[in-house]
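Have a look at the structure first.

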Amino acid sequence: MRRVYVVLLSSVTIAAVVTLGAVAIAQKWMSPMVAQTSETLARNYWFDVWSPRWTVLLLVLGVVSIVALWRHRVAAWTWRSYVGAVGCLMLLAGAVGATHVKRIEIMLFKPLSHIEHVPIAELEYDAADGPVMGVEIDGEARAYPVKVMAYHHIANDVVGQQPIVATY
Amino acid sequence: MDGQRLTFRLMGLNNQNFIMEDEQTGSWWQQVTGEAIFGPLKGKSLELVMSDEVSFEIWKREHPQSRVLVSTAEAELSKKNFHEGLEAVKEFGLPMSADPNDVLPQRELIVGVELEGQSKAYPVEVLVKQNPVVDQIGEVPLLLVVARDGESIRCFDRRLDGATLEMYLKPGTEGPLVLIDSETGSEWDFSGRAIAGPMAGRSLQKIHLLKDFWFDWKIFHPETLVFRAGF
């Protein structure tokens with residue numbers, strides 16, 4: 001009976017540390033408006049590599065805790081049961097947080113869902129629309145309006161049979 | 001990259017320059033340099049494809065068969081006058097504090113050229129005033145031309161058949177800009193092709209340039225030189 005609360009308490013502590021850590025890292029090192037150094041970038045990368053592992057760890061702990069709570073349930077819910085249940089939820093929330101916190105910054109940007117192009121002759125263009133980025137590879141020419149690129153930033157495309165990435 | 005086809009997405013920002021991640025290896029790539037900075041492909045560089053940032057009219061005139069990326073609903077929603085948008089971006093704050101002794105303001109528009117391990121920044125304002133600019137980076141004599149729109153800029157190697165050409169703007173012309181070289185008197189258009197005179201049909205070799213804000217160019221090219229106005 002005692003052991004289940006040790007398991008729960010340690011799980012909740014790990015979940016809290018990971019979740020708070022994730023938020024702190026996102027705030028301190030990943031925010032778009034933070035000046036970066038090679039050290040903060042290295043930490044960002046490390047965090048990115050580790051976040052799926054944190055997720056798995058927290059999910060496993062969450063499931064173990066729920067099972068433990070269930071097996072040692074008593075007829076009437078005590079305050080300990082409520083703490084345990086909240087702890088399980090925190091673990092699952094922490095798992096979601098660990099996976100997604102690195103995406104907070106990225107959520108500001110909307111990738112192009114697909115690449116579609118039309119012949120230039122079909123387009124009417126206004127000078128106020130601004131310039132285009134143009135490439136020509138093996139006689140095939142492609143233009144990327146800067147306005148579109150300034151919104152989506154990345155276009156993975158194939159021009160003249162060569163895979164390219166256009167980025168602004 | 002080494003026979004593997006990579007697909008990129010945005011991963012984050014490094015001092016206002018994007019970090020891209022490839023979906024295949026998870027490596028992180030710096031947008032402005034094309035270099036992998038973390039992950040399995042760290043140290044590798046993407047090959048830079050020659051590209052242009054020019055007005056729609058110029059691109060259409062030179063590439064009537066070109067295809068154009070279709071705009072999206074989201075991009076259209078954010079649509080405003082491009083030039084007003086650019087002016088607004090210039091007002092955005094930066095996370096890096098400005099160096100009071102810096103030669104240019106952080107958000108000054110420049111074009112950067114990197115050749116033979118040397119880099120040089122040309123303030124757009126100076127290029128427009130002094131159009132065309134003849135200069136040199138390392139051993140390579142350069143020509144920088146601004147089209148009539150004051151925005152489309154190209155850079156060329158001005159050597160041809162062992163001779164180095166000096167270029168001037170043909171005065172008083174209507175329509176597209178024309179340059180004249182003092183060696184042969186040939187006329188050249190904005191695409192770097194001789195359209196009249198002894199050199200007609202010949203082309204100068206284009207050199208890659210990047211239109212960028214000064215702060216961004218400087219972070220990723222710390223040794224860069226800056227072209228100063230000659231007046």
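What follows goes through the chains, their contact, the sheets and the cores.

Keep in mind that this is a predicted model.

**The two chains**

Let's start with the inventory. Chain A has four helices and five strands, and reading along its sequence gives the pattern α-α-α-β-β-β-α-β-β. Chain B has five helices and 20 strands. Its C-alpha trace spans about 55 × 45 × 40 Å along the principal axes.

**Where the chains meet**

Strand β2 (residues 132-137) of chain A pairs with β5(B) in the antiparallel sense, over four bridges. One of the details to click on: Gly134(A) has Asp52(B) in β5(B) as its bridge partner.

**Sheet and domains in chain B**

Four of its strands make an open sheet, ordered β1-β2-β3-β4, with antiparallel pairing. Why do β1 and β4 of chain B each have one side without a neighbour in the sheet? Both stand at the edges, β1 at 8-14 and β4 at 35-38, and each has a single partner strand, so one side of each is left without a neighbour in the sheet. From one strand to the next, the twist averages 40°.

Within this sheet, β1(B) and strand β2 (residues 17-22) of chain B are joined by six bridges in the antiparallel sense. Asn17(B) in β2(B) is the bridge partner of Asn14(B).

The domain assignment of chain B gives domain 1 (9-38) and domain 2 (54-231). Their C-alpha centres lie 26 Å apart. The contact between them takes five residues from domain 1 of chain B and six residues from domain 2 of chain B. On the domain 1 side, that comes to one nonpolar, four polar and no charged residues.

**The nonpolar cores**

A bit of background: nonpolar side chains tend to be buried together in soluble globular proteins.

In this model, the largest nonpolar core has 66 residues. Which of them touch the most other members? They are Val132(A) and Tyr144(A) from chain A, plus Met20(B), Tyr122(B), Leu143(B), Leu144(B) and Cys155(B) from chain B. The largest share of this core, five residues, comes from strand β10 (residues 140-146) of chain B. Apart from this core lies another one of 13 residues, including Leu8(A), Cys88(A), Leu91(A) and Ala95(A).

Cys155(B) deserves a click. Leaving aside neighbours within four places in sequence, Cys155(B) is in contact with Val113(B), Leu142(B), Leu143(B), Leu144(B), Ile207(B) and Leu209(B).

**A hairpin and a helix residue in chain A**

Back in chain A, β4 (residues 154-159) and β5 (residues 162-167) pair in the antiparallel sense over six bridges. Val158(A) has Pro163(A) in β5(A) as its bridge partner. The two strands form a hairpin with two residues between them, and Gly160(A) in the turn has a positive phi of about 55°.

Finally, take Val67(A), which lies in helix α2 (residues 38-71) of chain A. Is Val67(A) buried, exposed or partly exposed? Val67(A) counts as partly exposed because 13 C-beta neighbours lie inside 10 Å. From Val67(A) to Pro111(A) is 44 residues in sequence and 40 Å in space, C-alpha to C-alpha.

Note on methods. Residues are numbered from 1 along each chain as its sequence is written. Chains are lettered from A and ligands numbered from 1 in the order in which they are written. This is a predicted model: local features need pLDDT of at least 70, side-chain atom pairs count only at pLDDT 80 or more; totals for chains, interfaces and linings use all residues. A residue is buried if 20 or more other C-beta atoms lie within 10 Å of its own, exposed if 12 or fewer, and partly exposed in between; C-beta atoms are placed from the backbone. A nonpolar core is a set of buried Ala, Val, Leu, Ile, Met, Phe, Trp, Tyr and Cys residues joined through C-beta atoms within 7 Å. Two residues are in contact if their C-beta atoms, placed from the backbone, lie within 7 Å. Domain bounds come from an automatic or database domain assignment. Ala, Val, Leu, Ile, Met, Phe, Trp, Tyr, Cys and Pro count as nonpolar, Asp, Glu, Lys and Arg as charged, and the others, Gly among them, as polar. Two strands pair if DSSP finds at least two bridges between them. Axes are lines fitted to C-alpha atoms, for helices over the stretch in contact, and angles run from 0 to 180 degrees between N-to-C directions.
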